[in-house]
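Welcome, and please open your viewer. We will go from one selection to the next and look at what is there.

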Amino acid sequence: MKKIILILLFIFSFLNADITQYFPKLDGRVIDQANLLSPDVKKDIDSILKEQEDKTSNQIVVVVLNSLNGYTIEEYSYQLGRFWGIGQKDKNNGVLLVISMEEKKIRIEVGYGLEGALTDKISHEIINYTIKPNFKANQYELGILKAVNEIKAAIKGEYVAKAKSDDFNGAINAFIPLGFFALMFLSMLVNSASRRLRSQFLYKVTKSSMASSFFAFFSYIMSQTFTTYNFLVATIIFILVYIFNYKTSKNIDFDKPIATNYTNSSRSSSGFGGFGSSGGNFGSSSGGFSGGGGSFGGGGASGGW
């Protein structure tokens, strides 16, 4: 599932190749564009993160944004971490805690080297059981402070998992997009069989199901909140696309051979360039902080409040 999401993010990154213009300057371990933190709390968090880096070389950066400027928080955080080069180059031990006030989105982006300790599950728990409740109560500083300490504990192997009643719902939510994807794949197989069976009904049903399953899968994945509401939205999209495709599908001539040659487009891609690690070229002229050249592979979790 993670690989599928990353492929989609890469596609969006290619189409929106100017994302770096929306990146703030890396001038410290706490970047607060929204002025969410008081000077004293910001100083305390910076001290905690500096002590963590001095002892372990792990780089943790807190980023509070005004807006994501139309990007998903997954895409923004992933590209930001690589662009800044958070974490050491030989260890990839960087972590970003990204918060966007306009969209009310939260993301913990984890470097390759720390994915084994700060797992997706732990990141999910920190967001949903620590940050989210405090943010809903307008206790933003407390939520961020607690999250930073829990991130530290997780890296150190001292994090205590929180037993919550929605763990079962989390498992169901992980199954839902897989269900849509499986239906899409099954529809492709049956659609191919419908040609051999010469069944117009089966052909139109599976053709409609392929399109509707794709759009439902895509809409649910891109919601990133995985709630009952978003499942209902995805289901409605599935039904509407299915009905539209079924009603507009024309009967196929089974006696006509299936084309096997496809024209090869002359368009070529120059790659996703411009999003590699900067190796920490954005250090502060005053504080001297910069990334160490670390890299990210999409590990972490997202949420909202």
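**First stop: a surface patch**

Start by selecting Leu183, Phe185, Leu186, Met188 and Leu189, which together make a nonpolar surface patch of about 470 Å². You are looking at a predicted model. Now select residues 167-197 to show helix α6, where Phe185 lies.

**Second stop: helix α3**

Next, select residues 73-84, which form helix α3. Is this helix largely enclosed by the rest of the structure, or left open? Twelve of its twelve residues are buried, so α3 is largely enclosed.

While you are here, check the length of the helix. At 1.5 Å a residue, the twelve residues should span 16 Å, and the end C-alpha atoms of α3 are 16 Å apart, so the two values agree. Then step on to Gly85, which follows α3 and has a positive phi, near 70 degrees.

**Last stop: the whole chain**

Now zoom out and colour by secondary structure. The protein chain has eight helices and five strands, and along the sequence they follow the pattern α-β-α-β-α-β-β-α-α-α-α-α-β.

Switch to a surface view to finish. The accessible surface of the protein chain comes to about 16100 Å², with 58% of it belonging to carbon and sulfur atoms. Buried residues make up 46% of the 305 residues in the chain. If you display contacts with a separation of 6 or more, 75% of them are between residues 24 or more positions apart.

Definitions and conventions:
Residues are numbered from 1 along each chain as its sequence is written. This is a predicted model: local features need pLDDT of at least 70, side-chain atom pairs count only at pLDDT 80 or more; totals for chains, interfaces and linings use all residues. Side-chain values use heavy atoms; hydrogens and water are left out. Patches are made of residues with over 30% relative accessible area and no salt bridge: like charges are joined within 9 Å, nonpolar side chains (Val, Leu, Ile, Met, Phe, Trp, Tyr) within 5 Å. Accessible areas come from the Shrake-Rupley method with a 1.4 Å probe; for residues, only the protein chains shown count as cover. A salt bridge is a side-chain nitrogen of Lys or Arg within 4 Å of a carboxyl oxygen of Asp or Glu. Helices (H or I, at least four residues) and strands (E, at least two) are DSSP runs, numbered from the N terminus. The expected span of a helix is 1.5 Å times one less than its number of residues. Buried means under 20% relative accessible area, exposed over 50%, partly exposed in between (1.4 Å probe, protein chains only). Contact means heavy atoms within 4.5 Å.
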